[in-house]
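Here are some notes to read alongside the model, for someone opening it for the first time.

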Amino acid sequence: MRVLGVNGWPGASHDGAACLVVDGEVIALAEEERFTRNKHAYGEAPLNAAAHCLAEGGFTLDDIDVVAHGWDLPKLFGDRGLDWFADDAAALEHLLPKALFPRSRDPRLTFVNHHIAHAASAYHLSGRDRGAILVLDGQGEDVSTTLAVGIDGEMKTLRSHTPGWSLGYFYAAVCEYAGLGADAAGKMMGLASYGTPQDLTFGGALDFTDEDFTVGVVPPDLRSTGSTDEETATIRHWLRHLEKALPDAPNRSVRRFDPRVGRYTKVTDRDPFEYRDIAATAQAALERAVMALVRGLLRESGETTLLVAGGVGFNATLNGKLMRMPEVQDLFVQPLAGDQGVSLGAAVWCAAQEGHRVRPMEGSVAWGPQWDADAIRRVLEASGTAYTEPADIAAATADVLAAGGVAGWFQGRAEGGPRALGHRSMVAVPNPEGTRDRVNVRIKDREAWRPFAPSMQEEAAEALIGTTTPLPYMIVTTPVTEAGAAVMPAVVHSDRTTRPQTVSAEVDPLYHRLIGEVGGHTGTPVVLNTSFNGRDEPVVCSPRDALATFHRLPMDALAIGPFLVRRPDGAVGEARA
């Protein structure tokens, strides 16, 4: 059975993506933003992503049995009195027009409930036969939190919360209040560790029990009109309350033209770092609410394995706390936890419904586009870029890093999700601590307090982070050992934690070897790893993207396939001057 899973549609959608699942195995996955270079692909159907997936499988839409969408769009629109299409043929044409996807027949179109798609992405791809499932995001069609259980291939929903009580929207409202912007949860998670939590109830707005939480400032039955979600209305309720409950006024922002970058940019009244205590309070409140939900879910389901998906699942600090709960004996957080992951979830849900055994994730989400050496060489030569072809690209790149350089690392298939995991990465030696400031401020043009993460050979994990548990997806924080803090200070956050990626030689032999070559110079097989992109842009996808970003940012080198590109004068670390 061939299933094309999709997320996104023209209009109020985000994180458009597509994946191809054949007989329960993921063949390809890509995000629309990587092709259009519009971060989060707001309002875009996954046209390029779907075309890539079909090409990767050698198919056209005629060869596809089912197109599975990760939202129940007829319900989403119908419940709000909005127009949807009269039949599936018209809906499919809206999503995947024949002008771009010629076909002699329409495959079956299936709309999968959004939280069911999230849950399926965690359960069916986890490799576990059973477990408790927690979905947390902004919202689906009519819920924002779902507690479920999966046993022997079947999922059952236990209970849920409505959109007005969304923990995702609560966190987004505090982000907005602090001047970070509502779509900045990752930034606020990093900022939180610098602050001190205050009143976790936010002036009585939140209430916690041992196994749940309640929200007192947003009606639980809140329903918007003329919109497909309750985000704006929910955040508005929260912002009104926060202005009354918090001692600091909201950090207002305006858009001003910045001649330095040649475009309008957002400017806040105050430095968002001044709101670190508020960020810490929101993070602690989120953790308390979710840990309560988990206790109730595990008790009710009788399970000790916890499976997590939904956008809140990107909160690595929270995930670290969940992993260390005594009730949780096994944790799997789906690394494509956001809405890009519902393309995957919808597809594997359909496959499972048809009786296919879904092949689980095995430490990698590199299912995207790739280019062979000849294709990369043609791009380099067409652009007039000088390059060399060293005998060993891993050793040559390690030489650059050991000399204090920062390099782009562009290898193999592109990953899905927001974390670069050694295929579209920017890498450096994580010592000295000042490397963090150089990469943050001078190269990536972002706040100096933003944390970085390490990629380490899995054999070194016990010495650096005190665990042998594989953590391949950089989605859980762990404490750092004394030895780890000494050798990788640029990736140790202010709360003495880090967000590690453990790299297996079996799953990613080339990246594992690069890290080992660096260890040959430094004594420790670990690198600082951040996504290969500039400010406010998606992770690079193609060789042209990589070259454009490399030439624009003050990096020292680019390892692109088997080729090494250096700055024209060849001076490693020139950008540090």
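1. Start with helix H5 (residues 114–123) and helix H11 (residues 340–353), which pack at an angle of about 80° with their axes 7 Å apart. Axes here are lines fitted to C-alpha atoms, for helices over the stretch in contact, and angles run from 0 to 180 degrees between N-to-C directions. Helices (H or I, at least four residues) and strands (E, at least two) are DSSP runs, numbered from the N terminus. H5 and H11 are therefore roughly perpendicular to each other; angles under 35 degrees count as roughly parallel, over 145 as roughly antiparallel, 65 to 115 as roughly perpendicular and the rest as oblique.

2. Before going further, a word on the source: this is a predicted model, where local features need pLDDT of at least 70, side-chain atom pairs count only at pLDDT 80 or more, and totals for chains, interfaces and linings use all residues. Residues are numbered from 1 along each chain as its sequence is written, and side-chain values use heavy atoms, with hydrogens and water left out.

3. Who meets whom between H5 and H11? On the H5 side there are His114, Ile116, Ala117, His118, Ala120 and Ser121, and they meet Gly341, Val342, Gly345, Ala346, Val348 and Trp349 of H11. Contact means heavy atoms within 4.5 Å. Sorted by class, this contact has seven nonpolar, five polar and no charged residues (Ala, Val, Leu, Ile, Met, Phe, Trp, Tyr, Cys and Pro count as nonpolar, Asp, Glu, Lys and Arg as charged, and the others, Gly among them, as polar).

4. Ala309 sits in strand E13 (residues 305–309) and is buried, with a relative accessible area of 0%. Buried means under 20% relative accessible area, exposed over 50%, partly exposed in between (1.4 Å probe, protein chains only). Not counting residues up to four places away in sequence, Ala309 touches His118, Ser121, Ala122, Leu134, Val135, Leu136, Gln334 and Ala337.

5. Next, look at helix H6 (residues 167–177) against helix H8 (residues 231–245): their axes come within 9 Å and cross at roughly 55°. H6 and H8 are therefore oblique to each other. The H6 residues in this contact are Tyr169, Phe170, Ala172, Ala173, Val174, Glu176 and Tyr177, and H8 brings Glu231, Thr234, Ile235, Trp238, Leu239, Leu242 and Glu243. By class, that gives 10 nonpolar, one polar and three charged residues.

6. H8 itself has 15 residues and reaches 21 Å from its first C-alpha to its last, close to the 21 Å expected at 1.5 Å a residue; the expected span is 1.5 Å times one less than the number of residues. Which of its residues are buried? In H8 they are Ala233, Thr234, Ile235, Trp238, His241 and Leu242. The buried residues of H8 pack against H6, strand E9 (206–208) and strand E10 (213–215).

7. H6 has another partner, helix H7 (residues 185–192), packed at an angle of about 75° with axes 10 Å apart. That makes H6 roughly perpendicular to H7. Tyr171, Val174 and Cys175 in H6 meet Ala185, Met188 and Met189 in H7, and by class the contact has six nonpolar, no polar and no charged residues. Met188, Met189, Gly190, Leu191 and Ala192 of H7 are buried, with H6, helix H9 (276–301) and helix H10 (316–323) included in what covers them.

8. Most residues other than glycine have a negative phi, and most peptide bonds are trans. His40, in the loop between helix H1 (32–36) and helix H2 (47–57), has a positive phi near 70°. At 22% relative accessibility, His40 counts as partly exposed. Asp536 also has a positive phi, near 60°, and is found in the loop between strand E21 (526–531) and helix H18 (543–552). Asp536 is exposed, with a relative accessible area of 56%.

9. Check the bond between Asn431 and Pro432 as well: this peptide bond is cis, with omega about 15°. Pro432 lies in the loop between strand E16 (424–428) and helix H14 (434–443).

10. Last, Ala461 belongs to helix H15 (residues 461–465) and, at 1% relative accessibility, counts as buried. Leaving aside neighbours within four places in sequence, Ala461 is in contact with Met456, Gly466, Thr467 and Thr502.
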